[in-house]
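Could you walk me through part of this model in my viewer? I would like to know what to select next and what is there.

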Amino acid sequence: MDRLFSDLVQYQKLFQMIFMLGIGGCFTIGFQISMINYPSVHVKRFINETWLERYGSPLHQKTLMLIWSSIVSIYGIGGLLGCLCSGYLTTKYGKKNCLMYNNLLIIATAFLMGFSKMAKSFEMVLSGRFFYGISAGFCMTIHPQYAGEVSPKKLRGFANSSAGLFWSLGKVLGQIMGLSEFLGTESLWPLLMAFIGIAALIQLVTLPFFPESPPYLLIQKDDEEGCLKAMDKLWGEMDHQAELNDMKEEKAATKSIKSMSILQVMKDPSLRWQLYILVTVIIVMQLCGINAVYFYTFEVLCTAGFEEGRIPYISLGVGLCELFSTILCTFTIERFGRKTLLWKGYAMMALVLVLLTITLSLQNKYNWTSYCSVILIFLFVFFFGIGPCGATMSIMVEIFNQSSRSSAFVIGGCLNWVGLFVIGMIFPFIVESLGPFCFLIFMGVVVGSGIFIYLFLPETKGKSVTEITEEFTKLYSGNKLSSIVRRNFLEEHMSYTSF
């Protein structure tokens, strides 16, 4: 406790920056994802009334569904576009400048959304969702990198996992503000869609008072004096020589390459295992079953006998459970390590998925199994938050060096946005065909990925980027693969005796 208090005092400027990055970063994405279904009835009515006023005839139901589906799905298209542009722009202009311009885009889009009903234009809602998607593509790639790079080695896990924390916080606030008691009403839904403009404004006003990341200043801009000033401002005026030496080692290792393109990252043999890990953790985020669990929540709660009017509030409890678990992950990741939280989180999620498949299959025969399903849903969300949701971003930041990180995040972001689109398209058909047995597919993905992570991901806790790169270089050597696996097994059992 004393150590935590001393860290809060010493690194107060850093914690302020992490909070500010989160509010204008992954918080906005979580809010957009969770709130969009709450005003759906009101937006559809608005579209129909606007069409009737323009053309004198009501909109056909299929056309209405097509417009609404476009409003929902175009967010992902914008996200993919923003992600593709983020790598080049962050390398050229820096993460700080890119975030500030991104805030301007969010604020402008918030005005577009806020005045859409007054202007009687559903096209403004459609274009607003597209621009929000572009901003989300930037936030998803820039926020975790920036938070990790401005942090010292001993707080890097905390900073990286804060992206998952703010993502969950945004989802919860989106659920709260979407309730009919707040902004989820016929008259206030434009304000609900414009709400994240406030978060962007907070970041836009405060970000100029914080520096660019120290690794970017030293490695990309060759500005050692600026790097030292940034460390003094964020970490306090003390001896930062050890951290500076780590950055210089990384700079020396990549001195011939300032920044790698996406194609260079994909072709570089020394980054092959890092890319395998990246693809694995992104696939698990999409195919771990979290979307299916949220999908089944309404059905399970109805079957359990809960009143339909109370279900949104119980669903809010599920979101709060995820938020609590990501907070727990943020404050324990430096103790247990990233690898341990990942593979043990996967293991517990797989177990819950098996039990959930059984209880959902039996809930029509035995009423009590519905209550078991509710408990299992909360458990699954808890293990997701404390494992993949919190630790994935930390792994993605730490396994790549400064020259390859931006392009690697573009690759990961593209996989994520494409995955969101594909899952959104095929998931309803999977549920219709397999019912609750669809969870067995997700269980297979989680188990296979957990085994892969356990065997081939080196623990990154407390290691510099150069040390982590050396671990992957040994994996790439091939003839040392079996010895690396054996050593990882021994380290796991010697270092972590409990979870």
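This is a predicted model: local features need pLDDT of at least 70, side-chain atom pairs count only at pLDDT 80 or more; totals for chains, interfaces and linings use all residues.

**Stop one: the helix.** Select residues 272-287, which form helix α15. From first C-alpha to last, its 16 residues reach 22 Å, close to the 22 Å expected at 1.5 Å a residue. Now colour the buried positions of α15: among them are Trp 273, Leu 275, Ile 277, Leu 278, Val 281 and Ile 282. The buried set also includes Gln 274, Thr 280 and Gln 286.

**Stop two: the partner.** The crossing is left-handed. To see the contact, show Ile 277, Leu 278, Val 281, Ile 282 and Met 285 on α15, and Phe 384, Pro 388, Cys 389, Thr 392, Ile 395 and Met 396 on α19. By type, these residues divide into 10 nonpolar, 1 polar and no charged.

**Stop three: Asn 416.** Move on to helix α20, residues 402-434, where Asn 416 sits. Is Asn 416 buried or exposed? Its relative accessibility is 10%, so Asn 416 counts as buried. Setting aside neighbours within four places in sequence, Asn 416 is in contact with Met 140, Ile 282 and Gln 286. Finally, draw a distance from the C-alpha of Asn 416 to that of Ile 277: they are 139 residues apart along the chain and separated by 14 Å.

Note on methods:
Residues are numbered from 1 along each chain as its sequence is written. Side-chain values use heavy atoms; hydrogens and water are left out. Helices (H or I, at least four residues) and strands (E, at least two) are DSSP runs, numbered from the N terminus. The expected span of a helix is 1.5 Å times one less than its number of residues. Buried means under 20% relative accessible area, exposed over 50%, partly exposed in between (1.4 Å probe, protein chains only). A crossing is left-handed if the near helix is turned anticlockwise from the far one by less than a right angle, and right-handed if clockwise. Contact means heavy atoms within 4.5 Å. Ala, Val, Leu, Ile, Met, Phe, Trp, Tyr, Cys and Pro count as nonpolar, Asp, Glu, Lys and Arg as charged, and the others, Gly among them, as polar.
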